[in-house]
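Welcome! Take a look at the model below, then work through the exercises one step at a time.

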Amino acid sequence: MAAASGSLLHGAAEALGASEAALRLILSILSGYPLALFQRYFLFKKQPSHIHLFNTVTGLCIAYFNFGSQLYHSLLCIVLHFLILRLMGRTVTAVLTSFCFQMGYLLSGYYYTSTDNYDIKWTMPHCVLALKLIGLAFDYYDGGKAKTSLSADQQRCAVTGVPTLLEVCGFSYYYGGFLVGPQFSMCSYQKLVTGELTDVEGQRPNSVQPAMKRLCLGLFFLATYMVFGPHLPDSYFLTDEYANQPFWYRCVYMTIWGKITLYKYVTCWLVTEGVCILSGLGYNGKDETGQPLWDACANMKVWLFETTPLFTGTIASFNINTNDWVARYIFKRLRFLGNKAVSQGATLFFLAVWHGLHSGYLVCFSLEFLIVIVEKQAMDLVRDSPVLHHLCSVPLLRPPLYLVQQFFHWLFMGYPLVPFCLFTWDKWLKAHDQYSLVLKAHDQYSLVLEVHDQYSLVLEAHDQYFLVLEAHDQYSLVLEAHDQYSLVLEAHDQYSLVLEAHDQYSLVLEAHDQYSLVLEAHDQYSLVLEAHDQYSLVLKAHDQYFLVLKAYDHNFLILKALDQSEEPSATDPSFIL
């Protein structure tokens, strides 16, 4: 039965002009859609252990369908990784051990299985698995640290609980990301299992339509690659016919070939993204208007990929999840080096080695690093040049300039892709015609740099002239300010005279106030004198009153003495009188 199935697939692959391994890969990726539908309608909000078991079994079946008994490589690494985390705990030792073991196992697989051609074998999904397990080790370690010491990304991905072996297996073998990605964290997987990744709480996610859109888009790129890919084989770079073609023809061929070659990766990522969206793993919250976002597992920004005229724009739109993973777990964690360039170099070296041991990978990422630098310098040159900046801002010139920029963009995108696809140094050296393209581009770039240096000198002289003019203007302003200052001094002197007159007037007012006080005191003194006179009269009247009293007392005493000496009788006539 297996032999019959194999011969059937082999015949179908030949009819489609593809290898049997490639056909198995496409069928395995497409099988994620019925599996996601089954999980939506039969396992949503069910026991987490049932979902883990479902993901583990389906992932193992996919692995066996593609690689046969070699699935033991992934199973072995998953079990050993689980033991490392449980036995070593949330320690730096566990992270380093996990990193060294997973990368060592992957590189050993590359060493023993690699050929001079691109083969679909167990190392292809294993490189995805290695990143997933290394990321789990970092997240498990972050889960034991204080939240205040973690960045926003680390807090979002930190694993605070202790995952079980079945949970790690389900996370690793999830059918939507086992073969070609995308990368996602254990926390996202746990939310998927518990039914939290939905736009309507408690209900299945409304993700069928966005999932079908990504599937259709992926199938469109697949059809494009199948139509044009056979006419643009990698092997053509190694033929004498290509070597004898004129320089412009080789540039055009490399440009178109690079664009079409990337479509096979775009196809796989878009189709798997649709699987993740359909199952709910692609849910990424809601935007400002309340519309659900389904780009949590997006590995491609298709519109940016197709329209950007910049090399950095293509990098930002291609293999997004892997780039984010490398930025989060490699680049940002090398911050202790204190040198951004060293961290970038180490990150690109990790990416090159992670892809494989062939020299073509190292050359590809080295050229990518150099092209990014050159592009930045070219953009600085245009920005600093008034003439170039003006030309680029003319509306009529924008369309042709955009087409020219797109051509050079994809030419320099295809150039490092040649060693990436040809692997060994003898092949990619021959394809590059022993660096003829690089040398010509280097010579032209040297001329551009020379012109740029001369133009920089002109700009510098121009800037100095403007500095002189500016200094002259500032000197004129100084003279004007000096004149104004003289006027201010004159006004200050006049103001001083006014202040002096004001002070004298204040003295006059003060003397007047003192005079008024004197007059007031004089008036009060007059009142005092008048009161004194009245008081004297009162005293005089008082003395006269005392004299009257004294006379009265004297008469009274006389009368009393008379009464005592002779008491009158009732018949005395004088008494009657």
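Predicted model: local features only at pLDDT ≥ 70, side-chain atom pairs only at ≥ 80, totals over all residues.

**Exercise 1.** Leaving aside its neighbours within four places in sequence, which residues is Gln39 in contact with?

Residues are numbered from 1 along each chain as its sequence is written, and side-chain values use heavy atoms, with hydrogens and water left out.

*Solution.* 
- Step 1: find Gln39 in helix α3, residues 32-42. Helices are DSSP runs (H or I, at least four residues), numbered from the N terminus.
- Step 2: apply the contact rule, which asks for heavy atoms within 4.5 Å. Beyond its sequence neighbours, Gln39 is in contact with Phe44, Ile51, Phe54, Asn55, Tyr175 and Leu192.
- Step 3: check the accessibility. Gln39 has 5% relative accessibility, so this residue counts as buried. Buried means under 20% relative accessible area, exposed means over 50%, and partly exposed lies in between (1.4 Å probe, protein chains only).

**Exercise 2.** Work out how helices α6 and α7 pack, and at what angle.

*Solution.* 
- Step 1: recall that two packed helices are described by the angle between their axes and the distance between the axes. The axes are lines fitted to C-alpha atoms, for helices over the stretch in contact, and angles run from 0 to 180 degrees between N-to-C directions.
- Step 2: read off the values. Helix α6 (residues 92-113) and helix α7 (residues 123-142) pack at about 175°, and their axes are 9 Å apart. That makes α6 roughly antiparallel to α7. For these words, angles under 35 degrees are roughly parallel, over 145 roughly antiparallel, 65 to 115 roughly perpendicular, and the rest oblique.
- Step 3: look at who meets whom. On the α6 side, the residues include Val95, Phe99, Met103 and Leu106, and on the α7 side they include Ala130, Leu133, Ile134 and Phe138.
- Step 4: sort the residues of this contact, which divide into 14 nonpolar, 6 polar and no charged. Here Ala, Val, Leu, Ile, Met, Phe, Trp, Tyr, Cys and Pro count as nonpolar, Asp, Glu, Lys and Arg as charged, and the others, Gly among them, as polar.

**Exercise 3.** Decide whether the ring pair of Phe221 and Tyr263 is stacked, tilted or edge-to-face.

*Solution.* 
- Step 1: learn the rule. Rings of Phe, Tyr and Trp (its six-membered ring) pair if their centres lie within 6.5 Å; planes under 30 degrees apart are stacked, over 60 edge-to-face, and the rest tilted. By this rule the count comes to 35 aromatic pairs.
- Step 2: apply the rule. The ring centres of Phe221 and Tyr263 are 4.8 Å apart and the planes are at 65°, so the pair is edge-to-face.
- Step 3: Phe221 is in helix α11 (residues 208-228) and Tyr263 in helix α13 (residues 247-279), so to speak distant parts of the chain, 42 residues apart.
- Step 4: check accessibility. Phe221 counts as buried at 4%, and Tyr263 is buried with a relative accessible area of 8%.**Exercise 4.**

*Solution.* 
- Step 1: Most residues other than glycine have a negative phi, and most peptide bonds are trans.
- Step 2: inspect the bond. From Gly181 to Pro182 the peptide bond is cis, with omega near 10°. Pro182 is in the loop between α9 (165-173) and α10 (186-193).
- Step 3: turn to phi. Lys45 has a positive phi near 65° and is found in the loop between α3 and α4 (48-67). With a relative accessible area of 48%, Lys45 is partly exposed.
- Step 4: Asn319 has a positive phi near 55° and lies in the loop between α15 (311-317) and α16 (320-331). Asn319 counts as buried at 12% relative accessibility.

**Exercise 4.** How many of the residues of α9 are buried?

*Solution.* 
- Step 1: count them. In α9, 7 of the 9 residues are buried, and the helix is mostly covered.
- Step 2: name some. Among them are Glu167, Cys169 and Phe171.
- Step 3: find the cover, which includes α4, α5, α7 and α10.

Methods:
Helix = DSSP H or I, 4+ residues; strand = E, 2+ residues; numbered from the N terminus.
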